[in-house]
Amino acid sequence: CHELPSHGGILMSARLAAPRGTHDVLPPDEWLVQLVERTAADLYERHGLREIRTPLFEATELFADPAFDGDDSLAVRNLGPVHVMAEASGTHEVFVFTRDHKAGIEVFSDEACAEMMVTLKQRLQSHAETDNIRYTQAIVNHGREAGASLSHPHGQLLGLPFVPGEILDEERAFVRFEGGCILCATVEAELASNERVVLATDDAVVVCPWWSGGPYEMLIIPRNHDQHLTDSSDSHVAGVGRAIRDALVHLNGVFADVAFNLVFHTAPHHHNGAFHWHVHLFPKLTTVAGFERGTGVMINIIPPEQAAEELRRVGAHA
């Protein structure tokens, strides 16, 4: 385990077993626990009682069965004339960035944002020094609709022995853009028009991108042009962390506690080509249906200009 110095986040990659006398509450049964807690809270308030909560254990198959595990490099095997497979080697870490069961990133202090981001930077650096890991995907899934299998706020780091196709596509887009860096140019153009800007700080600009694939999608772009998150200074990643928090404050101001995916995109480890690390924020407000699956063309029912205007109306931290 790696523990943050003061905020109290814990990074866990070990296999966990349920302590004796307890059992795991998995997502299908979580509604029942919440119902019992709400009923009990009503009774406490009605009779002037105070809750005494026993220690909470939360461990599911996410810890026991990592998506990637092993020290081998990627090795593809042919299974007959059509199918190929590769072992899921790599590493899968769960990043518990707060001890507070009900406190998400949107309520973090500036110090907590800094600790979260600096710890993420340290873990990515460690992954870069691991021989068989070529790329690390950092994510935060919030809410069952977004794929969260634990209700406690957490993120995940998945170290892969290959570079995913989505990152390869982004690398090609950076190379094709002839006017320098496509994200640096995007920041300049968006600030000039101000149509799709949600917020701007000294460290990052948050926009609803022109190419948004879904309603209220946001892109957090660091102001400094760094290929890897690990290339950025601690103070700069802390500032980007504050921008992530404020983007979530804006989102929750419009939709309350909405499910979302937070996706960090950084250049592959040891990559020296064109790239600019950034963060995607995908609210889970619509469902991907047959047309999208059949064509690969996403339908966004809310123009990004309208989404940005609505998001700007609600306040964030000063």
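**Close-up 1. Strand β11 and its partners.** Strand β6, which spans residues 135-142, is joined to β11 by five bridges, and the two strands run antiparallel; strands here are DSSP runs (E) of at least two residues and helices are runs (H or I) of at least four residues, numbered from the N terminus, and two strands pair if DSSP finds at least two bridges between them. Opposite Phe-260 of β11 stands His-142. β11 also pairs with β12, again in the antiparallel sense, over six bridges, and within β12 the bridge partner of Val-263 is His-280. The model shown is predicted, so local features need pLDDT of at least 70 and side-chain atom pairs count only at pLDDT 80 or more, whereas totals for chains, interfaces and linings use all residues. Residues are numbered from 1 along each chain as its sequence is written, and side-chain values use heavy atoms, with hydrogens and water left out.

**Close-up 2. The two faces of β11.** Six of the six residues of β11 are buried, where buried means under 20% relative accessible area, exposed over 50% and partly exposed in between, with a 1.4 Å probe and protein chains only. Phe-260, Leu-262 and Phe-264 lie on one side and Asn-261, Val-263 and His-265 on the other, and both faces are covered.

**Close-up 3. Aromatic pairs.** Rings of Phe, Tyr and Trp (its six-membered ring) pair if their centres lie within 6.5 Å, with planes under 30 degrees apart counted as stacked, over 60 as edge-to-face and the rest as tilted; by this rule there are four aromatic pairs. One of them is the edge-to-face pair of Phe-95 and Phe-97, at 5.8 Å centre to centre and with 90° between the planes. Phe-95 is buried at 6% relative accessible area, and Phe-97 is buried at 3%. Phe-174 and Phe-275 form a tilted pair, 4.9 Å centre to centre with 40° between the planes. Because Phe-174 lies in helix α4 (residues 165-176) and Phe-275 in the loop between β11 (260-265) and β12 (278-283), this pair ties together parts that are 101 residues apart in sequence. Phe-174 is buried, with 6% relative accessibility, as is Phe-275, with 1%. Ring pairs also link Phe-95, Phe-97 and Phe-108 into a cluster.

**Close-up 4. Cysteines without disulfides.** The structure holds zero disulfides, a disulfide being a pair of cysteine sulfur atoms within 2.5 Å. Cys-184 is in no disulfide, and the nearest cysteine sulfur, which belongs to Cys-181, is 3.7 Å away. Cys-184 is partly exposed at 29% relative accessibility, whereas Cys-113 is buried at 0% relative accessible area.
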